[in-house]
Amino acid sequence: MPGTNIETARRALTIFYVLDTSGSMSGERIAKLNEAMNETVAILCDIAKNQADAEIKIAVMEFNSRCRWITPEGPKNANDFIWNDLRAGGLTELGEALDELDRKMTRSAFMASETGQYQPVVIFISDGAPTDSWEKSFEHLKNTNRWFQVATKIGIAFDTDTKVLSKAVGNSEAVIQTNNLEEFRRFIRFISVTASLVNGRSRLEEDLKSGADIVREAKGNMDKESEPEYFDPTTNPDPDTVGDPGSIWDTAGAGW
């Protein structure tokens, strides 16, 4: 009808954070993680306000001697998400976290959406080796969870080797390693923002990006600019974020 304002429904783009908050993350490490997440959430909120196609959602799980969803009711819209600082302590029980990710990364739980889903993002952040037998949980997640299989998976390893995270994300090139706290903070921010922008405009299968692609692009962005304003869609508009409403993710995961 003339004069009627019809708002096009946006598909969900969910970013999952799986965060190691074990005892080895105490002190400056957990402080820097909290700082990075505060910054990242603020930028994702700005992007969400200007993203024509994607409704950015955030799901956060911490793991130590147990695992706990910071978003127990499901992914929250970036505009509504408030970061509360985490504390570190306990062991590094990765297996339980993977089991819980498997339970919630389904159409009947956190991936429910009436408007469809973009390719989700899973970001693992850890500073040490697991203290449990996590491999069986990982194999089950990898082999049976369709959403995990199609997700863009990225690892950020602080002051530790990349062996475990490389296996978790399926590609050593999708893992960033650093022992510099400021670099650690920037990696979290740039990886998150790059993934949100890239995945939020991937509408065709050939456009989809792997975790390694995101890592390479994020590193390039870090080399060009020292601050996240580089990504600000209000000052650096990307015409590709507006266009064909069709998406291969409109029905992805139906019944998973």
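# Questions on a predicted model

User: In which helix does L33 lie?

Analyst: This is a predicted model, where local features need pLDDT of at least 70, side-chain atom pairs count only at pLDDT 80 or more, and totals for chains, interfaces and linings use all residues. Residues are numbered from 1 along each chain as its sequence is written, and side-chain values use heavy atoms, with hydrogens and water left out. Helices (H or I, at least four residues) and strands (E, at least two) are DSSP runs numbered from the N terminus. By that numbering, the helix that holds L33 is α1.

User: Is L33 buried or exposed?

Analyst: A residue is buried under 20% relative accessible area, exposed over 50% and partly exposed in between (1.4 Å probe, protein chains only). The relative accessibility of L33 is 0%, so L33 counts as buried.

User: Which residues are in contact with L33, leaving aside neighbours within four places in sequence?

Analyst: Contact means heavy atoms within 4.5 Å. With sequence neighbours within four places left out, the residues touching L33 are L19, M25, I125, F184 and I188.

User: How many helices and strands does the protein have, and in what order do they run?

Analyst: The protein contains 7 helices and 7 strands. Read from the N terminus, the order is β-α-β-β-β-α-β-α-α-β-α-β-α-α.

User: Of contacts between residues at least 6 apart in sequence, what percentage joins residues at least 24 apart?

Analyst: The protein has 256 residues, of which 53% are buried. For contacts between residues at least 6 apart in sequence, the share joining residues at least 24 apart is 77%.

User: What is the accessible surface of the protein?

Analyst: Accessible areas come from the Shrake-Rupley method with a 1.4 Å probe, and for residues only the protein chains shown count as cover. Carbon and sulfur atoms hold 46% of the surface. The accessible surface comes to about 11600 Å².

User: How many residues apart are D159 and R29, which form a salt bridge?

Analyst: In a salt bridge, a side-chain nitrogen of Lys or Arg lies within 4 Å of a carboxyl oxygen of Asp or Glu. The closest N and O atoms of D159 and R29 are 2.7 Å apart. D159 sits in the loop between β6 (152-158) and α5 (163-169), and R29 sits in helix α1 (residues 28-50), so the pair links distant parts of the chain at a separation of 130 residues.

User: What is the relative accessible area of R185, and why does R185 count as buried?

Analyst: R185 meets E39 in a salt bridge between side chains, 3.0 Å from N to O. The two residues are 146 apart in the chain, R185 being in helix α6 (residues 181-199) and E39 in helix α1. E39 is partly exposed at 23% relative accessibility, whereas R185 is buried because its relative accessible area is 12%.

User: Which residues are linked with E39 and R185 in a network of salt bridges?

Analyst: A search of the whole structure finds 13 salt bridges. Side chains of opposite charge can pair when their charged atoms come close. The network that includes E39 and R185 also links K32, E35, E182 and R189.

User: By how much of a helical turn are R216 and D213 separated?

Analyst: These residues form a salt bridge, with the closest N and O atoms 2.6 Å apart. Both are partly exposed, R216 at 46% relative accessibility and D213 at 27%. They lie 3 residues apart in helix α7 (residues 211-224), so their separation is about one helical turn.

User: Which elements are included in what covers the buried residues of α3?

Analyst: Helix α3 (residues 135-144) has S137, F138 and L141 buried. They are on the same side of α3 because they cover an arc of only 100° around the axis, the arc being that of the directions from the helix axis to the C-beta atoms. The cover includes α2 (94-104), α4 (146-150) and α5.

User: Which residues does E55 touch, not counting those up to four places away in sequence?

Analyst: E55 belongs to strand β2 (residues 54-63) and is partly exposed at 22% relative accessibility. Its C-alpha atom is 8.1 Å from that of A78, 23 residues away along the chain. Beyond four places in sequence, E55 touches R10, R11, A12, L13 and N77.

User: How many disulfides does the structure hold?

Analyst: A disulfide is counted when a pair of cysteine sulfur atoms lies within 2.5 Å. C45 is buried at 15% relative accessibility, and C67 is buried at 14%. The number of disulfides is 0.
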